[in-house]
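Thank you all for making time this morning.

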Amino acid sequence: SVMVCLILGFNNAFSATVGPNNGSTFSNNAAIGVVNWSIPGNAQTSNDVYASALLTDVNQISRYLTATNFGFSIPAGATIDGIIVQIEQQTGSGGGFPGTSENSIKIIQGGVVSGAEHSTGAALPFGSDVYVTYGSCTDLWGLSWTAADINAVGFGVAFSAVQTIQGTTGNVTAFVDHIRITVCYTDAVLPIDLLWFNAMADCMDNSKATLDWSTANETNNDY
C-alpha cells in the first residue's frame, strides 16, 4: 500500500462577491433635472411595472431616481474592491426613434449623491427592457468605502435621463423596471496578519495533523 500525506495551504484573506441586492427605498432627488419619476418604488423588482419619467421637450432632464437601503451585511474590516450597478431600462419612442439617453448615473454614499459620473450619454434601449451595467469589481466610483458605508441605509445609486430627439418636440418616456447592486470585497477572516498556513496529515496516523504557520503580527489576542 502507499501512504499519501496531504498538505493544505491557506491564506488569511479571501475575495467575495455579494448580491445582486434590491433596494428598499426609492424616491425623486431634485439635485438635478425638473421632471419627477412616477412611482419610484416600481424599480424595486423586475416585473414589467415601471418607474417612469415623461419628458416633453428636447434636452429636458429628469430628476434623479434614487434607490437606497440595499440590505448588505458585509463583515466589519472588509476591504471594498468594487461596486456593480445594473439598471433594467428602456425608452419609449418619439416619431419611431429612441427618445431618451442617460443623463447622470452616480453612487449614493451616506445619503448623498456623489462620486464619479458613470453616464456615457448612451441612448436607453428602445422597445424592450435591458439590464445596463455600470461599474465593476475594481470600480469604487471615485470614493473611499468601508463595510459600514455599504451596509448603511443611505447607500445606493441615482439615475437621471434626458430627452434627446433632435429637431422635433413631443413626449417620450424613460422607463426603469429594476435597480440592483452587487458589491465585491476582500475579507480578512482571521484576527491576525497571517502570512501562510499549512496543515499536513500524519502519514502514519490519519487522526493527527501537523499545523504550521507564520504571522507578521497579531491585532487581536482575544481569540
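What you see is a predicted model, in which local features need pLDDT of at least 70 and side-chain atom pairs count only at pLDDT 80 or more, while totals for chains, interfaces and linings use all residues. Residues are numbered from 1 along each chain as its sequence is written, and side-chain values use heavy atoms, with hydrogens and water left out.

The predictor's confidence in each residue is given as pLDDT, on a scale from 0 to 100; its mean for the protein is 86, and 82% of the residues reach 70 or more. Over residues 1-10, however, pLDDT stays under 50, and the model has 16 contacts for that stretch beyond four places in sequence, where a contact means heavy atoms within 4.5 Å. Where pLDDT is low, the predicted coordinates should not be read in detail.

The protein has one helix and 15 strands, these being DSSP runs numbered from the N terminus, with helices (H or I) of at least four residues and strands (E) of at least two. Of its 223 residues, 38% are buried; I use buried for under 20% relative accessible area, exposed for over 50%, and partly exposed for anything in between, with a 1.4 Å probe and protein chains only. If we take the contacts between residues at least 6 apart in sequence, 79% of them join residues at least 24 apart.

Let me now turn to the sheet. It is an open sheet of five strands, in the order E3-E5-E12-E9-E10, with antiparallel pairing, and two strands are said to pair if DSSP finds at least two bridges between them. Strand E3 (25-29) and strand E10 (112-114) are the edge strands, each pairing on one side only. From one strand to the next the twist averages 30°, the angle being taken between N-to-C directions of lines fitted to C-alpha atoms, on a range from 0 to 180 degrees.

How is E12 covered on its faces? On one side Gly156, Ala158, Ser160 and Val162 are buried, and on the other Val157, Phe159, Ala161 and Gln163 are buried too. Eight of the eight residues of E12 are buried, so this strand is largely enclosed by the rest of the structure. Strand E5 (residues 64-68) is joined to E12 (residues 156-163) by four bridges and runs antiparallel to it, with Ala67 having Val157 as its bridge partner. Strand E9 (residues 100-109) is joined to E12, again antiparallel, by eight bridges, and here Ile108 stands opposite Gly156.

E9 itself is mostly covered, with seven of its ten residues buried. E9 also pairs with E10 in the antiparallel sense, over three bridges, and the bridge partner of Ile107 in E10 is Ser114. These two strands form a hairpin with two residues between them, and in the turn Gly110 has a positive phi of about 60°.

Next comes the disulfide, counted here as a pair of cysteine sulfur atoms within 2.5 Å, a rule by which the protein has one. It joins Cys137 to Cys184, with an S to S distance of 1.8 Å. Because Cys137 lies in the loop between strand E11 (130-136) and helix H1 (147-151), and Cys184 in strand E13 (residues 172-188), the pair ties together parts that are 47 residues apart in sequence. The torsion about the S-S bond is about -50°, so the disulfide is left-handed. Cys137 is partly exposed, at 33% relative accessible area, whereas Cys184 is buried, at 3%.

Finally, which residues does Ser136 touch, not counting those up to four places away in sequence? Ser136, which lies in strand E11, touches Gly82, Ile83 and Ile84. Its C-alpha atom is separated by 9.0 Å from that of Asp81, which is 55 residues away along the chain. Ser136 counts as partly exposed, with 28% relative accessibility.
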